[in-house]
Each structure stands twice: as structure tokens, then as C-alpha cells.
Amino acid sequence: MATAIFALVIAGCSKNSDPYNPPTPTPTPPTPTPTPEETYDQAFKSYVGGTISPNQDWGFSASVVATSAATRGSEQGYYLSDNYPKEYTQAFFKEALDSLPEGQKVGASIKNFEFVSRGPFRFDIVFGYTDQKIEIGYYYYNPDTETYADRKEVKLVGDFQSDFTSYKYIQYNKSDPPSEDQWKNPKPWDGYHTIWDAEKYNAKWVHARMFTLRDGSNDEKIVNPDKTVDVPKGYRVGFYVRNPENGDQKVYTNRFLNKDEQFFFAVLDSKNEKSNLVNAYMVGIEDRTSTTAEKCDQDCNDVMIAVHKNVEDGFPELVIPEKENPTWRVIAEDLSASDNTDFDFNDIVLDVKLTKTGADCILQAAGGQLPIRINGDDDLEVHKKFGVDQKTMVNTNADKKGLPSAKKDPVSFSITGSFSSVKDVKIEVKKQDGKWHELYAKTGDSACKILVDTTFKWPDEQQSIKEVYPKFEDWVKDPTVVWYP
């Protein structure tokens with residue numbers, strides 16, 4: 001019995017560690033030091049309330065450009081049709097002319113427009129009150145990859161007066177509209193009268209040529225598909241006119257392509273289902289296109305184009321172009337983040353315009369005290385470019401906070417490289433680890449650089465961006481919010 005108890009005690013002791021020689025504890029691995037990026041991301045998400053839209057791209061998608069122009073289509077772009085449409089009746093023209101009366105300048109609200117292709121649609125140059133030898137054409141571009149500055153132009157009519165007298169057109173009396181056979185088989189006529197001669201001559205003269213834009217679909221429905229231009233859905237389309245009296249100067253339906261504020265185009269969009277114009281937009285053109293006011297009555301009824309809404313499977317959408325700003329402003333933080341970071345986004349303020357060889361830049365401000373360089377070039381360190389020491393903040397009113405401050409003129413310079421977006425222009429900060437860290441904008445995640453228009457006024461030093469712009473946090477959650485003027 002005693003032997004058994006002794007054995008049990010020995011066995012029990014063998015299972016326990018020696019109280020005089022305890023085992024060495026397994027060391028706890030050290031907590032890794034977070035990277036500057038990790039620290040910044042955490043602080044930024046806390047700053048914006050933790051919610052970032054998965055579609056938030058921090059403005060940079062607006063600066064995407066095409067590396068090569070999208071040119072889907074031929075230069076012919078139209079075909080001549082012998083099937084003059086029945087809708088071009090006296091009532092049709094009368095309503096258009098009543099809307100754009102002779103000698104009355106049109107309003108600003110209808111002078112600036114383009115069409116968005118939503119499928120094949122036809123437009124017809126239908127008549128003219130003009131004795132000018134004007135050139136008429138259309139232009140198009142892909143708004144996803146191009147701006148209107150990249151447009152392709154297609155000439156439709158080189159000399160309106162002579163061109164139209166060489167084609168079929170229709171004569172008919174006010175009291176006797178043309179028959180269907182007359183529409184289909186108009187007689188050639190060497191003379192020239194205009195729609196405005198109706199009262200004097202008791203007759204109407206209607207000139208008509210038909211042109212078709214298409215997007216490449218439903219080819220079996222297209223007449224003469226080999227003579228049509230390929231303008232895909234979503235492309236922007238507008239018209240231009242040139243009067244040889246004014247040399248090479250052209251004017252466009254997009255007012256931002258014109259050199260002055262005169263009215264050269266108007267568009268009529270009937271909302272009345274009983275209207276004769278309900279199935280077409282009427283585009284009115286001013287033929288003089290002159291900058292001399294006495295030579296340009298600006299009534300926009302000299303030539304008209306009917307843009308049909310109900311052709312094929314789609315019809316164009318009328319839109320008002322906005323002024324495109326090829327120069328963008330990058331505002332950024334230098335990754336010096338904590339929960340108490342001011343997030344003033346002025347550590348670097350850089351304007352960027354992409355070019356064929358790289359980018360033209362204007363350095364506007366440097367509100368940080370760390371080295372920041374552009375395009376990987378030490379000579380493009382921002383303090384060096386401004387000619388100040390590393391601790392001096394430039395153009396951020398840092399003196400109001402008792403910090404080293406300077407006011408300097410913006411500095412212009414160019415860089416070389418292949419950039420598809422302003423986002424590709426590299427901006428780096430040198431942190432305490434001695435390494436260069438690139439500033440970034442992660443779609444749907446945190447950002448230390450943001451793209452804005454050049455009209456944007458950056459906050460002063462240590463002035464929170466969401467206090468200056470209260471809708472900033474709303475924009476972070478919803479990219480459609482307009483958060484600054």
C-alpha cells in the first residue's frame with residue numbers, strides 16, 4: 001500500500017514543472033509599427049465618419065483622357081435620299097418660322113446644345129432663307145474618352161447655295177401642297193427663291209437633303225449602309241457652319257467652341273403632341289456668322305435642320321454642354337495623420353494639364369513641412385521650387401497659426417511621361433523613415449489626394465476641409481453630391 005502511494009506521488013511530481021526552475025515563457029511577438037499609409041487610412045476613415053462610397057473615385061475619373069482618338073466611321077457620313085418625307089408640309093414650316101420670326105434675335109436659353117446618340121437617327125437640311133455660300137457640317141466625339149476639343153468634323157454641304165440648286169427641290173403654291181408623286185419626283189429647277197418669298201410670289205421653295213447617323217446596329221434597317229457614318233451610342237453630336245466671308249472661322253452648336261456670345265444656332269423642341277414638329281427637333285442656323293452685329297440679325301432661321309426623334313430604334317437626346325476644364329487641381333495631405341489631423345488638404349496644391357508629351361503644371365501652394373516631390377524628380381521638390389526652406393509653408397496663411405509662412409507667386413513647369421489621367425502624375429512625400437511614399441486615391445477607400453476644378457479655394461493652414469466645405473462628408477458617401485462651388 002505504501003509502495004503504491006509513493007509511486008503515485010512520484011508520478012504526480014513528474015507531471016509538474018520544477019518549482020525552482022520554471023520554464024522560459026514564450027515571448028510575445030512585438031506589435032508591428034504601422035506604416036504611414038496604415039496610420040493615415042485609419043485616421044482618414046475616422047475623419048469622414050467611417051463610410052466611403054464604393055464608387056468614390058475622388059474626382060479623378062473626370063480627368064481620364066484618350067491615349068488615341070476613337071475614330072469609328074468614315075468621312076462620308078451621309079447619303080442622299082430621293083424619298084422626300086411627307087411631314088415637310090406648309091404647316092410644318094410655318095410653325096418653325098413662327099417660332100423663329102424674321103429679324104428677331106433668339107434667346108440665350110436655346111443657343112447652346114448638342115445631341116447624345118441613343119441609336120441611329122436621321123437629320124435633314126430642309127430649307128434655307130439664305131443667299132450665302134455657307135459650309136454646313138456636323139461633329140462628334142466620345143465624351144467618355146474625349147472632350148469637344150478632340151471632335152471629328154464631317155462636312156455635309158460645302159456651298160449651300162450652289163450645292164442645293166444642283167439637287168432636287170420642290171416648288172409648290174401656298175394653296176396647293178405637293179402631291180405624294182411630287183415629293184418623290186420633284187422637278188429640277190434652275191432658279192432660286194426662298195421660303196420668305198411666299199407672300200411675294202405666292203409660292204414656296206423647299207430644299208431637302210437627308211443625312212443619317214448610325215451606331216452600327218440594325219444594319220438591315222439602314223438605307224445605303226455603306227454611305228453612313230458610324231457614331232456609336234453615347235457619342236455627342238453637334239453642328240457647325242462656316243461663312244466664307246469670315247475665312248476659316250466656324251461656329252458651333254456648342255457655345256464654348258465659339259469666340260463670342262452671339263447666337264448662331266437655335267433648337268426647337270415641341271412638347272405639344274398635336275404639333276407638326278413633335279417628331280423632330282428643329283435646328284435653326286444663322287448664315288452670316290459674322291462678329292459684326294449689323295451683318296448678323298441672329299434670328300437663326302436662314303437654314304434649318306430637322307433632327308428626327310423617331311427613326312430606327314432610338315432617337316437623340318438633347319443636352320446642354322458644359323464648359324470643359326482641361327486643367328485640374330490636385331489637393332493633398334502628406335500622410336502626417338493622426339486622430340487630431342486637421343485634414344486641410346493643402347500640403348501640396350498642384351494644377352495639372354495633360355499634354356501629348358506629359359503635363360503642364362502650376363504649383364500653387366505647399367502647406368507641409370516634409371519634402372514633397374513631383375514625378376519622382378528631386379529637383380521638383382515643392383519647397384525648392386518655391387525657393388523656401390523645408391519648414392516654411394507657402395500660400396496657406398500659416399502665419400495666422402504662428403507658423404513659418406511665405407506668400408509666393410505660383411510656379412509653372414512641365415513634366416514628361418505618359419499619363420492617361422491626372423491621377424497618374426506621381427506625387428511623393430519623404431517620411432521619417434527616409435523613404436519616399438506616393439500619395440494616393442483609392443477608389444471606394446481612403447485618399448490623401450483629391451481632384452477638383454481650378455476654381456477650388458483650398459483651406460488655410462490647419463483649417464479642416466469639412467468645416468470649410470460642410471458637404472465634403474456627404475460627397476464622400478455619395479459622389480453625386482456637389483460639395484464645393
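Arg373 has Glu428, a residue of strand 23, as its bridge partner. This pairing belongs to the antiparallel run of strand 18 (residues 372–374) against strand 23 (residues 427–430), which are joined by 3 bridges; strands here are DSSP runs of E with at least two residues, helices are runs of H or I with at least four, and both are numbered from the N terminus, while two strands pair if DSSP finds at least two bridges between them. The model is a predicted one, in which local features need pLDDT of at least 70 and side-chain atom pairs count only at pLDDT 80 or more, whereas totals for chains, interfaces and linings use all residues. Residues are numbered from 1 along each chain as its sequence is written, and side-chain values use heavy atoms, with hydrogens and water left out.

The largest nonpolar core contains 59 residues, and the members that touch the most others are Trp58, Ile348 and Trp483. Such a core is a set of buried Ala, Val, Leu, Ile, Met, Phe, Trp, Tyr and Cys residues joined through side-chain atoms within 4.5 Å, where buried means under 20% relative accessible area, exposed over 50% and partly exposed in between, for a 1.4 Å probe and protein chains only. Strand 16 (residues 348–354) supplies the largest share of this core, 5 residues. Beyond its neighbours within four places in sequence, Ile348 is in contact (heavy atoms within 4.5 Å) with residues including Val330, Leu363, Ile372, Ile374, Ile427 and Leu439. A second, separate core of 29 residues has Tyr138, Tyr140, Phe264 and Phe265 among its members.

Aromatic rings form a further theme, with 23 aromatic pairs found in the whole structure; rings of Phe, Tyr and Trp (its six-membered ring) pair if their centres lie within 6.5 Å, and planes under 30 degrees apart count as stacked, over 60 as edge-to-face and the rest as tilted. Trp483 and Tyr484 make an edge-to-face pair, with 4.9 Å from centre to centre and 80 degrees between the planes, and both residues are buried. Ring pairs also link these two into a cluster whose members include Tyr40, Phe44, Trp58 and Trp475.

Charged side chains contribute 14 salt bridges, each defined by a side-chain nitrogen of Lys or Arg within 4 Å of a carboxyl oxygen of Asp or Glu. In one of them Lys442 meets Asp41 at 2.8 Å, N to O; Lys442 lies in the loop between strand 24 and strand 25 (449–453) and Asp41 in helix 2 (residues 36–47), so this pair ties together parts that are 401 residues apart in sequence. Lys442 is partly exposed at 30% relative accessibility, whereas Asp41 is buried at 13%. Arg236 and Glu114 meet in another salt bridge, at 2.9 Å from N to O; since Arg236 belongs to strand 9 (residues 236–242) and Glu114 to strand 1 (residues 114–116), the pair ties together parts 122 residues apart in sequence. Glu114 counts as buried, at 0% relative accessibility.
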